[in-house]
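These entries record what I looked up in the structure, in the order in which I looked. I began with the sheets and then turned to whole chains and their contacts.

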Amino acid sequence: MPPVLEMRNISKSFGGTAALSGFSLTLKPGSIHALVGENGAGKSTLIKTMTGIHQPDTGEILVDGQPVTFRGTADAQRAGIAAIYQEPMVFPDLSVAENIFISHQNRPTLINWTTLNAEAATMIARLGVTLDPRRAAAELTLAEQQTVEIARAISLNVRVLIMDEPSASLSDHEVKRLFGIARSLRDQGVAVLYISHRLEEIFALADTVTVMRDGKHISTRPVSEVTQASMIAEMVGRDMAGRFAREPSKDTGETLLSVSNLAKTGAFCDVSFTVNRGEILCFSGLVGARRTDVGLALFGVAPADAGTVEIAGQPVTITNPNQAQSLGIAYVSEDRRKLGLALTEGITANITLPMLSKYTGAFGWLNRMRELTDAQAFRKQLNIKAANLTVPVGTLSGGNQQKVMLAKWLNTRPRLLIVDEPTRGIDVGAKAEVHQILRSLAAEGVAIIIISSDLPEVLSLADRILVMREGRIVGEFTGDAATDESVMRLAVAAEVA
Amino acid sequence: MTALRSWEGLLFAVLVLIYAVNALNSPVFLTPGNQINMFQLSVEKIIVALVMTFIIINGEIDLSVASVMGLAACAFGWLVQAGVPAGGAVAIALAIGALCGAFNALFIVGFGIPSLVVTLATMIAFRGFARVLVEDRGIGDFPAWFDTLGQQGLIGPITLAIILFAVFAALAFLILQRTAFGRKVYFIGANRAVAEYSGLDVRAVKAKIFIASGLIAALAGLLYAARVGAVRGDIANGFELDIITMVLLGGVSIFGGAGTMSGTILAILIVLALRNGMALENITGHIQTGVLGLLLILSVMVPIIRETGGRLIGKMR
Amino acid sequence: MRIPLGTLRILVLLAVFAATVLFFASQIDGYLNARLFNRISGSVAVIALIAVGQAFVVLTRNIDLSIGSVVGCSAYFTGGILIAYPDLPPLLVPLLAMAIGALFGALNGFLVARFHLPSIIVTLATLALFRSILVQSSDGSSITTDRLPTWLTEFATQNAFTLGELQIRWIVVISILVVLAAHIFLTRFRAGRTFFAIGSNPDAAAFAGINAGRTIFLAFVLSGALAGLAGFMFLSRFGNITVVAGLGLELKSVGAVVVGGVNIFGGSGNLLGVLIGAALIDVIDTSLVRWELVSEFWREAVLGLLILLAVAADTLLMRRLLHRKGGSA
């Protein structure tokens with residue numbers, strides 16, 4: 001059967017970093033094609049290129065063998081390409097039926113609700129699901145909203161449906177139903193591109209699987225010819241040159257933080273671990289493994305429901321960031337722009353924000369000289385490159401923003417530093433610098449928890465690695481004993497074949 | 001930062017221009033008497049504009065200020081008429097203002113309803129309470145000391161209200177630009193989540209500025225009552241427009257996080273000089289307000305005009 | 001059996017409305033009489049029109065604070081034109097008023113939709129600007145009843161039909177027809193649903209290829225046109241138009257919309273609810289004047305608290321509802 005969509009030699013870079021380089025993919029009608037790769041392998045860039053959000057720098061997109069150019073999502077939609085994401089994009093106030101038919105331009109001006117509801121019901125029934133078309137989308141569960149999105153795609157005569165981590169937030173039962181829908185779409189001749197971190201799903205569902213790594217195509221094979229082990233090897237296999245050297249542990253052996261049976265409904269449960277002064281403990285796992293939720297619970301942003309936390313032998317209940325801070329805990333967020341820094345404010349003001357009281361004299365007067373002195377010290381210590389310390393942090397490069405964020409929390413003199421994705425989206429030079437900063441902090445006796453999806457980073461920094469999957473700790477390695485494959489195998493839940 | 005500084009530079013240039021034009025048009029404009037009169041006629045609004053600057057930088061809005069002014073003034077009048085000593089009535093009126101602010105804060109901070117909606121409703125409600133108190137009467141006959149404070153110079157020809165404005169302006173500048181509280185106001189307005197993650201007491205800061213807004217508005221209402229020597233139900237009606245215009249014209253972003261107190265003060269001077277100049281030309285109050293409306297639209301459009309202009313220039317090159 | 005949320009809202013509103021009427025009936029002697037009905041229905045007609053206009057705007061996540069000034073301007077200019085050309089065909093006059101209103105609305109819509117300016121700022125400014133246009137053009141002189149054609153001043157009290165002692169006036173009939181037409185447009189026409197869509201989820205609307213700018217512009221034009229029609233009725237009811245005509249009506253329109261159950265953050269609402277909201281606000285307004293126990297000056301205070309109560313109840317209720325959903329997901 002001729003392919004419905006072909007991506008040929010697609011390259012796409014952002015600011016000098018190649019997200020896709022010479023990537024090719026062929027999708028055939030009536031098939032479920034799985035796409036796997038580590039975080040940052042270029043999957044989301046690929047999807048955005050297929051749906052017209054990004055335009056490729058070089059390479060060709062062919063639909064039915066004809067070269068096409070997508071200037072926007074509307075063009076891709078007209079060509080029959082649609083995507084559904086982890087977070088459904090629905091109109092909460094509109095009914096299921098309206099959500100399905102909202103972008104239909106050729107429907108009559110006057111709405112006949114009886115017909116519309118009947119057609120929506122048919123559309124939903126084709127997916128083997130029952131759902132009242134009159135209900136408002138806001139009343140639906142996430143899985144039901146996803147179904148509505150799929151129905152919308154089908155109603156637009158979708159020929160290629162991209163499903164990006166659709167199962168990440170669904171229960172087992174809901175995942176089964178989703179699989180049923182995907183299969184019935186395949187049987188109706190749709191090409192489904194299924195993206196998932198859960199390798200076992202790929203064996204249950206797909207007929208072909210493509211592995212990508214660092215923006216490149218690694219392999220495309222029938223599912224019958226691959227094993228979980230072979231996929232993992234291809235996902236992580238990388239040149240030794242890309243590795244950072246390990247350094248000896250600074251672990252003092254003196255326990256600072258001890259967590260037992262920490263749990264939060266809908267996020268994680270049975271999380272128990274300890275961290276020592278001077279130790280670097282890494283949480284590894286895939287996006288959605290709920291590692292960040294553990295960090296947020298320890299920092300009091302989203303407190304845990306159950307479990308105990310001890311700091312230096314003292315039991316504590318952490319309910320808000322202010323209190324966490326006074327216990328000597330600092331949390332460097334993964335989301336610099338939304339949660340980490342106020343981009344329109346200056347470097348100094350951002351650094352001193354959590355410690356304002358330190359610079360405050362009588363009548364709340366700020367000692368701005370002292371602020372500046374401290375900020376200058378951090379600028380030197382962390383090598384922050386900026387014209388001066390009053391420029392808005394939004395004007396700095398990602399690496400320098402990351403350093404400002406570290407400075408902000410180091411300024412609180414933490415005993416425990418939690419760093420979420422310390423080097424996401426920053427260049428190699430800055431990355432090495434950040435790693436060096438974290439190591440020297442450990443050498444000063446700070447207990448460090450790093451949450452990272454970047455395996456080489458984890459392997460080079462960690463004294464100990466905890467692997468999380470779906471809200472649970474599923475394994476532990478010492479830094480020396482861990483390998484790419486052993487960690488990844490636990491993270492994706494592969495039974496070792 | 002550079003952009004802000006240049007915005008203030010622009011305001012300053014506009015101010016100089018208005019002063020020059022007014023001075024050329026009318027020999028009266030620059031006389032000390034007129035200059036003092038210019039402040040005196042709007043002194044209540046410009047006092048409230050100072051605290052409104054905090055609120056808008058914090059990412060909120062308070063539409064109820066003029067109604068709080070009216071309510072406090074009417075409460076004062078009602079109390080005096082009921083035989084309460086004027087000193088006590090002043091204290092009670094101020095307390096009522098603070099309570100109005102706390103009431104707003106309860107819905108905004110406590111229940112998480114947007115300040116736009118809450119203060120739109122309380123703008124109507126507080127005004128309503130003012131009318132309940134004085135109905136369609138006018139209440140005057142305040143003690144002489146009260147009227148004197150409002151109408152006669154305290155230091156030379158300069159009235160108490162103008163002195164209070166000068167003191168408050170200095171205080172507001174210092175609090176916003178030089179204290180930890182001011183820093184918090186900016187960060188909460190710029191990015192509330194970052195402020196919360198950094199352990200700031202976001203709700204307390206917001207509650208404080210809304211209560212301060214109520215208190216200051218009540219004080220302004222009393223000053224107005226003293227200046228006019230009487231209160232009516234519609235006292236200070238519609239002042240919120242002037243007040244918000246001054247703040248936005250001063251370069252404070254309606255989305256919060258940006259702006260300075262010096263910008264607001266420059267904008268206050270511009271609005272005063274503009275109104276005074278128009279008044280000297282015998283242009284009525286309604287038209288003056290219309291011109292202010294136009295100015296408000298222009299000031300929110302300036303970033304867009306600048307951008308489009310820049311793009312056009314870029315194209316020409 | 002589960003009742004849809006929207007229907008439940010209407011039922012609750014009707015119950016509150018009935019309870020309010022019964023309450024006043026128990027307090028005021030001879031409350032439930034035809035004359036009162038005739039009076040109230042006339043002023044509800046005006047409020048309902050501007051509330052419908054406001055509802056279109058609020059559905060799209062915007063607000064129109066200039067409505068009162070637009071009512072005043074269109075009443076004044078329509079009156080002025082009629083005085084200059086008294087022989088204009090009567091049917092043309094309301095259309096003229098609507099066109100004048102639409103022009104003002106178009107300016108609001110242009111500024112909000114084209115430049116993405118916050119509607120609260122734009123309409124706060126045009127509230128003053130339009131009023132000053134009125135002051136400037138009137139130059140202090142007013143439109144007076146005796147200068148207007150008699151057909152116009154009599155129109156407000158002309159009955160379309162009578163039900164026993166109840167007189168159903170033309171302005172009430174027109175107003176109800178407008179509400180129904182707008183209701184049908186919003187519920188049965190594809191173009192009407194876009195108002196809900198862009199208020200409900202602007203991102204998803206952009207994704208679905210909906211032109212948000214055009215819809216928002218249209219909302220403001222409609223709001224202006226309906227304020228214009230209200231201005232025509234205003235002119236007809238009062239005859240004398242001064243520079244303060246329509247002052248404060250924007251607050252009543254927002255009140256009716258919010259009390260009528262339109263979500264102030266856009267995306268949901270029902271015009272039948274808005275009609276009941278308008279009636280409720282006006283009944284309270286008019287009845288307080290006649291209630292001896294409480295001074296009529298409570299009107300504004302009650303209106304403000306009513307709006308606050310409606311928004312608070314709705315917000316907290318919806319939050320609880322969504323929270324429950326979130327928990328079960």
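**Entry 1. The six-stranded sheet**

In what order do the six strands of the open sheet in chain A lie, and what is their pairing? I note at the outset that the model is predicted. I read the order as β6-β7-β8-β3-β9-β10 (chain A), and the pairing is mixed. I then looked up the edges: β6 (81–84) and β10 (216–222) of chain A each have a single partner strand, so one side of each is left without a neighbour in the sheet. From one strand to the next, the twist averages 20°.

I recalled the general rule before looking at a single pair: strands of a sheet pair through backbone hydrogen bonds, either parallel or antiparallel. I took the pair formed by β7 (residues 160–164) and β8 (residues 191–195) of chain A, which run parallel and are joined by five bridges. Within this pair, A:Met163 has A:Tyr194 in β8(A) as its bridge partner.

**Entry 2. Helices on the six-stranded sheet**

I next asked which strands of chain A helix α1 (residues 43–50) lies across. I found β3 (31–36), β6, β7, β8 and β9 (208–213) of chain A, with the helix running at about 150° to β7(A). I also looked up helix α6 (residues 172–187) of chain A, which lies across β3, β7 and β8 of that chain. Its direction is at about 150° to β8(A).

**Entry 3. The four-stranded sheet**

I moved on to an open sheet of four strands in chain A, ordered β12-β11-β14-β15, in which the pairing is antiparallel. Why is one side of β12 and of β15 in chain A left without a neighbour in the sheet? I found that β12 (268–276) and β15 (314–316) of chain A stand at the edges, each with a single partner strand, and one side of each therefore stays without a neighbour. The twist in this sheet averages 20° from one strand to the next.

I examined one antiparallel pair here: strand β14 (residues 306–311) of chain A is joined to β15(A) by three bridges. Opposite A:Val309 stands A:Val316, in β15(A). I also checked what packs on the sheet, and found helix α9 (residues 291–298) of chain A, which touches β11 (255–264), β12 and β14 of chain A. The direction of this helix makes about 115° with that of β11(A).

**Entry 4. Chain C as a whole**

I counted 13 helices and two strands in the secondary structure of chain C. Its radius of gyration is 20 Å, close to the 20 Å that the globule rule gives for 329 residues, so chain C is as compact as a globular protein of that length. Along the principal axes, the C-alpha atoms of chain C fill a box of roughly 65 × 50 × 35 Å. Of the 329 residues in chain C, 51% are buried.

I looked up the confidence as well: the pLDDT of chain C averages 88, and 95% of the residues score at least 70. The model scores are ipTM 0.87 and pTM 0.86.

**Entry 5. Chain B as a whole**

I repeated the survey for chain B and found 13 helices and four strands. The radius of gyration of chain B is 20 Å, close to the 20 Å from the globule rule for 317 residues, so this chain is as compact as a globular protein of that length. The C-alpha trace of chain B spans about 75 × 55 × 35 Å along its principal axes. I noted that 54% of the 317 residues of chain B count as buried.

**Entry 6. Contacts of chain C**

How many residues of chain C are in contact with chain B? I found 37 residues of chain C in contact with 34 residues of chain B. On the side of chain C that touches chain B, α4 (92–115), α5 (119–138), α11 (249–259) and α13 of chain C each supply at least two residues. I sorted this side by class into 28 nonpolar, six polar and three charged residues.

I then turned to chain A, where the contact takes 19 residues from chain C and 19 residues from chain A. On the side of chain C that touches chain A, α8 (190–200), α9 (202–207) and α13 (299–328) of chain C each supply at least two residues. The largest share, five residues, comes from α8(C). By class, I found eight nonpolar, six polar and five charged residues on the side of chain C that touches chain A.

Methods
Residues are numbered from 1 along each chain as its sequence is written. Chains are lettered from A and ligands numbered from 1 in the order in which they are written. This is a predicted model: local features need pLDDT of at least 70, side-chain atom pairs count only at pLDDT 80 or more; totals for chains, interfaces and linings use all residues. The radius of gyration is taken over C-alpha atoms; the globule rule is 2.2 Å times the number of residues to the power 0.38. A residue is buried if 20 or more other C-beta atoms lie within 10 Å of its own, exposed if 12 or fewer, and partly exposed in between; C-beta atoms are placed from the backbone. Two strands pair if DSSP finds at least two bridges between them. Axes are lines fitted to C-alpha atoms, for helices over the stretch in contact, and angles run from 0 to 180 degrees between N-to-C directions. Two residues are in contact if their C-beta atoms, placed from the backbone, lie within 7 Å. pLDDT is the predictor's confidence in each residue, from 0 to 100. Ala, Val, Leu, Ile, Met, Phe, Trp, Tyr, Cys and Pro count as nonpolar, Asp, Glu, Lys and Arg as charged, and the others, Gly among them, as polar.
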